[in-house]
Amino acid sequence: LSSASSVDITRGTITGNTAGSIGGAFYSSNKETVVIDGTTISGNKANKGEGGAIRFVGAGNWTIKNATVSDNYATSNGGAIYAHTGTLTIENTTFSGNECGGTAGGGAVYVTSDGVLSASGSTFSSNSSPNGGGAVTVANTADRAIHKIDNCIFSGNAAKQGAALRT
C-alpha cells in the first residue's frame, strides 16, 4: 500500500501470497486507514522478515474485524501481523495456526513499542513462536501506550515463554 488515505477490503480472500522479505500479503509504510472486514487471510509468507500476512509501519490505523487469519508464516516476528507504530484494532476475528520463527515472537501478532493494540471478542488458537508470545507479543511498551484485550479466548498456543501473551 502506498500513499493511500483509506483502504477498505470487505468479504475477500487473501491467500497464498509470498513476499521475498516482509509483509507476505500487505506492506505499508504510510499513515493510511485500513479496514479489513469479513475476509479470510491465510497461507501467506514473509520469507526474510516480519509479518507473514501484514506488516505496517507509520502512524496508520488498521482494523481487522469479523475475519479469519490462519496459517500465515514469518521467518522473523509476527507470524500473521507485525505492527510497528500506529494502531491495530482486532474485533471478532479468529487467529489460528499462525507461526513465526523470530526470537521476539508473536506467532499471530507482534506489536512494537510505538504501536497500540486493542483486541476484543477474538480467538487466538494454535499459534506458535519458538521463544515468546505464541499468540501475541507486545514489545517494550512505551509509557504512553495503553493496550486493551477484552473478551478474547487464548487456547492451545505454544511458545517457550508466554504461550498466550508476552509483554
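View 1. Ile54 has Ile81 as its bridge partner in β12. The model is a predicted one, in which local features need pLDDT of at least 70 and side-chain atom pairs count only at pLDDT 80 or more, while totals for chains, interfaces and linings use all residues. Residues are numbered from 1 along each chain as its sequence is written, and side-chain values use heavy atoms, with hydrogens and water left out. Strand β8 (residues 54-57) runs parallel to strand β12 (residues 81-84), and 4 bridges join the two. On β16, Ile81 has Val109 as its bridge partner. The pairing of β12 with strand β16 (residues 109-111) is likewise parallel and comprises 3 bridges. Strands (E, at least two residues) are DSSP runs numbered from the N terminus, and two strands pair if DSSP finds at least two bridges between them. Strands of a sheet pair through backbone hydrogen bonds, either parallel or antiparallel.

**View 2. The open sheet β3-β7-β11-β15.** This open sheet consists of 4 strands in the order β3-β7-β11-β15, with parallel pairing. Its edge strands are β3 (18-19) and β15, each of which pairs on one side only. Strand β11 (residues 73-74) pairs with β15 in the parallel sense over 2 bridges. Within β15, Cys100 stands opposite Ala74.

View 3. Asn98 is placed in the loop between β14 (94-96) and β15 (99-100). Its relative accessibility is 0%, so Asn98 counts as buried; the term buried applies under 20% relative accessible area, exposed over 50%, and partly exposed in between (1.4 Å probe, protein chains only). A polar atom of the Asn98 side chain lies 3.0 Å from the backbone oxygen of Val69. The backbone nitrogen of Asp71 lies 3.4 Å from a polar atom of the Asn98 side chain. Leaving aside neighbours within four places in sequence, the residues in contact with Asn98 (heavy atoms within 4.5 Å) include Ser70, Asn72, Ala80, Gly107 and Ser126.

**View 4. Stacked phenylalanine rings.** The count of aromatic pairs comes to 5, where rings of Phe, Tyr and Trp (its six-membered ring) pair if their centres lie within 6.5 Å; planes under 30 degrees apart count as stacked, over 60 as edge-to-face and the rest as tilted. The rings of Phe95 and Phe124 are stacked, because their centres are 5.0 Å apart and their planes are at 5 degrees. Phe95 lies in strand β14 and Phe124 in strand β18 (residues 123-125), so this pair ties together parts that are 29 residues apart in sequence. Phe95 is buried at 0% relative accessibility, and Phe124 is buried with a relative accessible area of 1%. Phe124 also forms a stacked pair with Phe154, at 4.9 Å centre to centre and 5 degrees between the planes. Since Phe154 lies in strand β21 (residues 153-155) and Phe124 in β18, the pair ties together parts that are 30 residues apart in sequence. Phe154 is partly exposed, with a relative accessible area of 27%.

**View 5. Trp62 and its aromatic cluster.** One aromatic cluster is formed by Phe26, Phe56 and Trp62. Trp62 belongs to strand β9 (residues 61-65) and is buried, having a relative accessible area of 1%. Although Trp62 and Leu88 are 26 residues apart in sequence, their C-alpha atoms are 5.0 Å apart in space.

Methods
A polar contact is a pair of N or O atoms within 3.5 Å; within protein, one must be able to donate a hydrogen and the other to accept it, and residues adjacent in sequence count only if both atoms are side-chain atoms.
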